[in-house]
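The sequence and structure are shown first.

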Amino acid sequence: MTTPIPSAAPSGLAHYDRATIAFHWLTAVLVVGLFALAEIWGFLPRGTPTRRLLQHLHISFGLLFAAVFVLRVIWRLGAGRRLPAAATGWLRAASTGVHGLLYLLMAAQIVLGFLFRWAQGEPFAFFGLFDVPTLIAIDHEQRRFIGGLHNTVAWCIIVLALLHALAALVHHYFLRDGVLRRMLSSR
């Protein structure tokens, strides 16, 4: 038997620490931005300067996303603040499952991004500051498969992130349990 979810926010609402909140929102912005860049350049003719600029930005922000993701995981496993579960029963299981799947998909997306670029056989740079070396030789013929998988995982991340955001809004407006406010600044 599960315990009911409170209908009002607790008076002493706990918040995540600032670093956890910053990692969460920076991840959200990067995921949406990377997705938007890829979708926008899909409407542009191949070889145009604007399309290439969007692709270079996507690569650079993808590298930034990889760094943020690694730091976020390290922070979460180490010093990040742990809060009690906001729900019980199937809601807790769904929340835990979606979070785990999002982390898994984001990690897979980073790996696929590197593999795809290496399969293309072109160098890639971080905002023109330095080139990322090719660490693994990938057969050029694999680029379509890896690229397709990269695209599919991107859509899965966006759909799950949308469900995650909708769940936060349900918690905030219908359940009124303070879950959304835990991920906002404690000020």
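Helices (H or I, at least four residues) and strands (E, at least two) are DSSP runs, numbered from the N terminus. The model is predicted: local features need pLDDT of at least 70 and side-chain atom pairs count only at pLDDT 80 or more, while totals for chains, interfaces and linings use all residues. Residues are numbered from 1 along each chain as its sequence is written, and side-chain values use heavy atoms, with hydrogens and water left out.

**Fold and surface**

The protein contains 5 helices and 2 strands, arranged along the sequence as α-α-α-β-β-α-α. Of its 187 residues, 30% are buried (buried means under 20% relative accessible area, exposed over 50%, partly exposed in between; 1.4 Å probe, protein chains only). Among contacts (heavy atoms within 4.5 Å) between residues at least 6 apart in sequence, 76% join residues at least 24 apart.

**Annotated spans**

An unreviewed UniProt entry lists residues 21-44, 56-75, 101-119 and 152-175 under "transmembrane region". UniProt positions are given in the numbering used here, feature names are shortened, and annotations may be inferred rather than shown by experiment. The table describes two of these spans.

| Span | Distance between end C-alpha atoms | Helix content | Strand content |
|---|---|---|---|
| Residues 21-44 | 35 Å | 88% helix | 0% strand |
| Residues 101-119 | 26 Å | 100% helix | 0% strand |

**Nonpolar cores**

A nonpolar core is a set of buried Ala, Val, Leu, Ile, Met, Phe, Trp, Tyr and Cys residues joined through side-chain atoms within 4.5 Å. The largest such core has 22 residues, and Val31, Phe65, Met106 and Ile157 touch the most other members. Two or more residues of this core come from each of helix H1 (18-41), helix H2 (49-77), helix H3 (89-120) and helix H4 (143-175). H3 gives the most, with 7 residues. Leaving aside residues up to four places away in sequence, valine 31 touches Phe65, Met106, Ile157 and Ile158. Another core, of 6 residues, lies apart from the largest one and includes Ile59, Trp118, Phe124 and Phe126.

**Individual residues**

Histidine 24 lies in helix H1 and is buried, with a relative accessible area of 13%. Not counting residues up to four places away in sequence, histidine 24 touches Arg72, His164 and Met183. Alanine 19 also belongs to helix H1, but counts as partly exposed at 25% relative accessibility. The C-alpha atoms of alanine 19 and alanine 79 are separated by 9.4 Å, although these residues are 60 residues apart along the chain.

Glutamine 142 is placed in the loop between strand E2 (130-132) and H4. With a relative accessible area of 36%, glutamine 142 is partly exposed. The C-alpha atoms of glutamine 142 and glutamine 120, 22 residues apart along the chain, are separated by 8.8 Å.

**The second largest pocket**

On a 1 Å grid over the protein atoms alone, a pocket is an open set of points where a 1.4 Å probe fits, with protein on both sides within 12 Å along at least five of seven lines; lining residues have an atom within 4 Å of a point. The second largest pocket has a volume of about 1,200 Å³, a volume being the space filled by probe spheres set on the points. Its lining comprises 36 residues, of which Trp41, His58, Phe116, Gln120 and His150 lie nearest the centre. H1, H2, H3 and H4 each give two or more residues to this lining, and H2 supplies the largest share, 10 residues.
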